[in-house]
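Reader: I am new to protein models, and I would like to learn how to read one. Could you walk me through this one, feature by feature?

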Amino acid sequence: MTGKKRKLLKCGAAVVAISLVAALLFILAVSKLCLVGTFNRQEARDDVTRTTMYTADDFDKYEKQKIRFLSGKNMLKGYIWGDKSSKKLVVISHGWGELSNYYYPVMDYFVSRGYRVLTYDNTGTGESEGFGTKGLSQSAIDLDNALSFIERDGELRNMPVYLFGHSWGGHAVTSVLNFGHKNVRAVASVAGYNSNGGAMLEWMQRRLNMGAFAYSLFPFAAFWSLLDAGENYYATGVSGINNANLPVLVVQGGNDDTVLEDSIYSHRKEITNDSVEYYYIEKGTHTDVIESNEASTRTYRELIDYEYEKLSKKYDGNIPEDVEAKFINSVNKQKYNEVNNNTMSKVFEFFEAI
């Protein structure tokens with residue numbers, strides 16, 4: 001081979017190598033942007049739910065105390081609800097895309113039955129600090145810090161703790177069991193996913209309709225998630241359930257369109273903890289396993305949503321404050337936000353038995 005040919009081959013190989021590196025960097029950049037765009041900051045909504053969902057002011061009948069604690073560099077904020085004479089404490093970990101107030105009906109359910117309840121907004125959510133929600137492992141990281149806050153608090157640290165989580169929070173309440181908190185007595189995981197990677201892949205395939213292409217992009221998204229979450233990336237719900245060996249209630253809907261293939265329920269054959277119970281709702285969706293699916297409640301929600309949409313169109317999306325206030329006051333929030341009593345009764349009985 002002549003020197004000229006060797007030189008051409010070297011140049012060609014260099015071009016190919018540079019092109020591959022450039023392509024790799026491009027895909028890494030795109031996957032990072034996708035993650036940042038997906039796990040962005042979650043604020044209170046501006047649509048009809050702003051007028052129909054509960055706020056802290058709707059529960060003046062209960063004692064409540066504002067709390068704050070650090071999770072990494074971000075200050076998280078929330079409330080402790082209920083009578084100080086209560087003997088048990090429920091910690092609620094909320095779902096992704098929601099604020100803690102979405103679960104105030106759950107809080108109300110427990111407080112009205114004699115529990116104290118701690119609610120908080122996760123990183124990058126609502127009143128808490130954070131540029132974004134960061135990723136699928138963040139809910140467990142935040143819950144770990146919430147439990148550490150409880151353990152440092154002179155009033156709360158001796159209380160038995162019960163964990164309730166849905167979706168993002170359903171992962172958190174099981175994954176956090178890998179962290180060794182001794183005051184946790186029992187857990188209820190509703191529509192929770194098992195792992196960061198498994199949930200991410202399912203989300204890319206099902207929610208983003210990527211199909212088989214998701215397998216190509218997944219390693220790059222996983223790289224950034226691992227870089228952000230560190231060893232917490234590998235903490236799964238199943239490993240937490242098995243390691244802690246605590247009573248755990250796993251709730252899952254058969255028509256869940258968000259968490260199904262990587263749900264904790266789908267991994268039940270890997271669970272060796274004999275204290276685990278399962279509550280499978282064959283026709284349950286991701287939301288109505290926690291929200292009331294009674295016909296009268298659904299009809300009322302649809303009516304209120306329709307009336308608000310009609311009002312918004314009338315004012316071109318800028319409803320006058322006095323008109324909106326009148327509409328808000330007309331809403332029966334208790335009816336609109338009614339919980340799934342079958343699920344909550346099951347959870348309550350499970351906690352009461354421990």
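This is a predicted model: local features need pLDDT of at least 70, side-chain atom pairs count only at pLDDT 80 or more; totals for chains, interfaces and linings use all residues.

Reader: How many helices and strands does the chain have?

Author: Helices (H or I, at least four residues) and strands (E, at least two) are DSSP runs, numbered from the N terminus. Here the chain has 12 helices and eight strands.

Reader: What percentage of the residues count as buried?

Author: Buried means under 20% relative accessible area, exposed means over 50%, and partly exposed is in between (1.4 Å probe, protein chains only). Of the 354 residues of this chain, 52% count as buried.

Reader: Now the charged pairs, please. How many salt bridges are found in the whole structure?

Author: The general idea is that side chains of opposite charge can pair when their charged atoms come close. A salt bridge is a side-chain nitrogen of Lys or Arg within 4 Å of a carboxyl oxygen of Asp or Glu. A search of the whole structure finds 10 of them. One of these joins the side chains of Lys61 and Asp108, at 3.9 Å from N to O. Lys61 lies in the loop between helix H2 (49–52) and strand S1 (64–71) and Asp108 in helix H3 (residues 104–111), so this pair ties together parts that are 47 residues apart in sequence.

Reader: Is Lys61 buried or exposed?

Author: Lys61 is exposed, with 60% relative accessibility.

Reader: Where does the salt bridge partner of Arg116 lie?

Author: Arg116 pairs with Glu155 at 2.6 Å, N to O. Arg116 belongs to strand S4 (residues 116–120) and Glu155 to the loop between helix H4 (138–152) and strand S5 (161–166), so parts 39 residues apart in sequence are tied together. Arg116 is buried at 2% relative accessibility, and Glu155 is partly exposed at 38%.

Reader: How do I read two helices that pack together?

Author: Look at the axes, which are lines fitted to C-alpha atoms, for helices over the stretch in contact; angles run from 0 to 180 degrees between N-to-C directions. Helix H5 (residues 168–175) packs with helix H8 (residues 237–244) at an angle of about 35°, and their axes are 7 Å apart.

Reader: Which residues make the contact of H5 with H8?

Author: Contact means heavy atoms within 4.5 Å. H5 brings His171, Thr174 and Ser175, and H8 brings Gly237, Gly240 and Ile241.

Reader: And what is a nonpolar core?

Author: In soluble globular proteins, nonpolar side chains tend to be buried together. A nonpolar core is a set of buried Ala, Val, Leu, Ile, Met, Phe, Trp, Tyr and Cys residues joined through side-chain atoms within 4.5 Å. The largest one here has 36 residues, of which Val90, Val106, Met107, Phe110, Phe164 and Phe351 touch the most other members. Two or more residues come from each of several elements, including H3, S5 and helix H12 (341–352). H3 gives the largest share, six residues. A second, separate core of 33 residues includes Leu89, Ile150, Leu156 and Ala172.

Reader: Which residues touch Phe164?

Author: Leaving aside neighbours within four places in sequence, Phe164 is in contact with several residues, among them Val90, Val106, Phe110, Ala188 and Met344.

Reader: Is Ser100 buried or exposed?

Author: Ser100 is buried, at 8% relative accessibility. With neighbours within four places in sequence set aside, Ser100 is in contact with His94, Thr119, Tyr120 and Asp121.

Key. Residues are numbered from 1 along each chain as its sequence is written. Side-chain values use heavy atoms; hydrogens and water are left out.
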